[in-house]
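Here is a short briefing for a first look. Keep the structure open while reading.

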Amino acid sequence: MPAPDLSRLRALPRAEVHVHLEGCFDAPLLERWARRHGETMPRPLERLFEFQGLADFLDFLDWACGLVRTREELAEAAHDFSRRMDRSGASYADLIVNPTHWRHWVARLPEMIDALDAGFRAAEQEGLPRVGLCISLLRTQSAQAAAQVVDELVALRHPRVVALSIDGNEATAGRTGPRFADAFRRAAAAGLRRTVHAGESSGPEGVRDAIELLGADRIDHGVRAIEDPSVVALLVERQIPLGICPTSNLVLKVYPSLEEHPIDRLRRAGVPVSINTDDPALLGTSLEREYALCAEAFGWDDEVLRDVARTSIEASFAENALKAQLRERLAGW
Ligand code: ADE
Ligand code: ZN
């Protein structure tokens with residue numbers, strides 16, 4: 001099979017459903033912000049994006065997001081994200097933002113959402129892709145802190161916010177499904193969708209909890225479901241989509257190589273899988289590159305690529321009219 005053509009993959013109509021704003025800052029931008037605010041860099045620019053694993057990576061997010069102080073900087077970050085999506089050829093993104101990483105925005109969630117929304121609105125007026133926000137809890141947060149975030153989201157009812165999310169490190173947090181069940185139940189009752197990181201730093205039991213305790217509409221990563229056939233069967237039976245990020249799983253040491261990554265085995269078992277970048281700037285990847293890597297490693301033809309792209313559209317929290325448009329464009333690819 002010839003090497004996949006990146007410009008052809010960029011033209012594949014699709015959405016990105018698992019990407020964090022916290023992971024979308026290029027090194028020169030971070031250096032500029034650090035210099036502006038008199039903050040020291042944790043290591044030299046050339047080695048800024050070297051990570052030892054998930055815990056180290058999450059600490060880095062606290063540093064990077066701690067550089068963002070003003071409304072203008074937040075709006076700029078949102079606008080830059082829309083440009084990144086457009087360069088990759090994605091027509092819609094569900095973007096995860098976790099307020100716990102942003103120390104200058106503590107207890108200012110409505111202001112934070114408003115600043116991001118200003119950036120996305122400006123981008124959309126330039127014809128850049130539509131973005132929905134998934135406001136994220138952290139696995140190591142308390143139930144009370146989670147309840148407060150949900151209270152604020154419910155009171156705000158901001159049209160930009162499409163979902164409640166949860167991310168962070170399940171290996172340090174332990175089993176936390178029960179702690180967050182009430183927050184997710186109340187978010188759903190208020191009309192928010194639910195997307196849950198699980199089966200990355202937790203095993204298949206984390207994926208089962210995401211479904212049974214948090215009512216996940218979609219699971220971020222979810223790849224370690226492969227270790228328990230009964231969890232794979234549950235995903236297939238309920239057709240719960242996984243937002244898979246192959247390069248992230250290699251860089252953050254979930255799998256040693258793409259050949260050992262379970263995305264193709266999950267797909268062939270009947271689990272709906274989409275391809276995503278997680279934290280593209282920090283992990284040195286792009287959406288079209290992730291599609292190309294999988295096509296090459298697993299010998300995917302156009303029919304498989306179209307199926308995976310279709311899953312990204314169906315799994316997204318985009319409005320129905322936009323989904324219908326994307327489906328139609330996909331049929332003509
Ligand atoms: N936040 C940003 N990237 C993440 C990941 N891969 N896992 C958990 N939380 C995250
Ligand atoms: Zn993620």
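The points below cover the ligand, the cavity and the open pocket.

The model is predicted. It holds one cavity of 30 Å³ or more. The space taken by ligand 1 is that largest cavity. The largest pocket has its own set of lining residues, and Pro99 is one of those nearest its centre.

**Ligand 1 and its shell**

- Around ligand 1 there are 13 residues.
- His20, Gly168, Glu200, Asp278 and Asp279 come nearest to the ligand.
- Sorted by class, this shell has five nonpolar, four polar and four charged residues.
- Helix H3 spans residues 54–65. With four residues, H3 supplies the largest share of the shell.

**Polar contacts and burial**

- Glu200 places a polar side-chain atom 2.7 Å from a nitrogen atom of ligand 1.
- Asp278 also has a polar side-chain atom by a nitrogen atom of the ligand, at 2.8 Å.
- For His221, the distance from a polar side-chain atom to a nitrogen atom of ligand 1 is 3.4 Å.
- How much of ligand 1 does the protein bury? Taken alone, the ligand exposes 260 Å², and the protein buries 100% of that.

**The largest cavity**

- Ligand 1 takes up the space of this cavity.
- The cavity contains about 120 Å³ of space.
- Which helix gives the largest share of the cavity lining? It is H3, with four residues.
- The cavity lining divides by class into five nonpolar, five polar and four charged residues.

**The largest pocket**

- The volume of the largest pocket is about 250 Å³.
- Lining this pocket are 13 residues. Nearest its centre lie Pro99, Val106, Ala107, Gln141 and Val149.
- Helix H6, residues 143–156, gives the most to the pocket lining, with four residues.
- By class, the pocket lining has seven nonpolar, four polar and two charged residues.

**To take away**

- For ligand 1, look at H3, which gives four residues to the shell, and at the polar side-chain atoms of Glu200, Asp278 and His221.
- For the largest pocket, look at H6, which gives four residues to the lining.

Key:
Residues numbered from 1 in each chain as written. Chains lettered and ligands numbered in written order. Predicted model: local features only at pLDDT ≥ 70, side-chain atom pairs only at ≥ 80, totals over all residues. Heavy atoms only, no water. Near = heavy atom within 4 Å. Polar contact = N/O pair within 3.5 Å; in protein donor to acceptor, adjacent residues only side chain to side chain. Areas by Shrake-Rupley, 256 points an atom, 1.4 Å probe, with all protein chains shown as cover. 1 Å grid on protein atoms, 1.4 Å probe; cavity = no way out; pocket = protein on both sides within 12 Å on 5 of 7 lines; lining within 4 Å. Sits in = over half its atoms within 2 Å of the grid points. Helix = DSSP H or I, 4+ residues; strand = E, 2+ residues; numbered from the N terminus. Nonpolar A, V, L, I, M, F, W, Y, C, P; charged D, E, K, R; others polar. Points joined across faces, edges and corners; volume = space filled by probe spheres on them.
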